[in-house]
Amino acid sequence: MNHWEQFLAPYKQAIDELKIKLKGMRSQFEQQHIHSPIEFVTGRVKPIASILDKAQQKNIPLDKIETEMQDIAGLRMMCQFVDDIETVVKLLRKRNDFRIIEERNYISNKKPSGYRSYHVVIEYPVQTILGEKKILAEIQIRTLAMNFWATIEHSLNYKYKGQFPEEINKRLQGAAEAAFRLDEMMSQIKEEIQEAQVYFTKNKEAVKKL
Ligand code: 0O2
């Protein structure tokens, strides 16, 4: 095992475990036939090249990345509605398998780029054969519309390295505004949508039993 593999191993283990735990929250809502505030969960360990890039950009010495880079382990929880985000954050605060060390609300304080999301930084204890190792992980909670915008902007960032031409910048700001309005419109018909979804899940289960 090389140095990086060794360093990243507990982060990988944390992602594997947390994905199962956070996806489990969704299943529990489904079993109770109540609207799940969680639509889907993803997770990744930051690629080595991105760790090195970010360390350079933010002047983080490599021997400090463990404490200063909070998103080497990153999870995303996608929600249908903006209100669901708060429900999810409250559920995370109640858990006792990790400790929340910071919350960043980029929904009430959107970033100048137009980025919206709620970030929760946790300290997660990984059990290893050498004992417990506490690692930092970042959970990003956002709606499907926020995620759509962030995914597109992120891939454009690769191409333009953050230096968007004015025209693209304008379009991205417009798209961020449209995503915000879409979230508002969906919130207004939330009850209708949820009733239809519960009806659909129950019907699906009835068919399975036939
Ligand atoms: P990747 O590829 O997603 O891992 P900073 O980087 O200074 O803004 P900091 O302290 O690293 O902030 O933490 P922050 O802002 O809580 O979260 C950083 C992560 O949030 C980013 O990770 C992105 O995942 C996401 N993010 C923050 N701002 C934006 C944005 O304007 N657009 C998009 N698409 N995502 C954003 P990385 O390391 O940048 O990238």
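I take helices (H or I, at least four residues) and strands (E, at least two) as DSSP runs, numbered from the N terminus. The model is predicted, and I note that local features need pLDDT of at least 70 and side-chain atom pairs pLDDT 80 or more, while totals for chains, interfaces and linings use all residues. Residues are numbered from 1 along each chain as its sequence is written, and side-chain values use heavy atoms, without hydrogens and water.

Polar contacts. I looked for pairs of N or O atoms within 3.5 Å. A polar side-chain atom of Lys 111 lies 2.3 Å from a ligand oxygen, one of Ser 113 lies 2.6 Å from a ligand oxygen, and for an N or O atom in the side chain of Arg 44 I read 2.7 Å.

Largest pocket. On a 1 Å grid over the protein atoms alone, I took a pocket as an open set of points where a 1.4 Å probe fits, with protein on both sides within 12 Å along at least five of seven lines, and lining residues as those with an atom within 4 Å of a point. The ligand sits in the largest pocket (more than half of its atoms lie within 2 Å of the grid points). I record 37 lining residues, with Asp 71, His 154 and Asn 157 among those nearest the centre, and α5 gives the most, seven residues.

Notes:
Polar contact = N/O pair within 3.5 Å; in protein donor to acceptor, adjacent residues only side chain to side chain.
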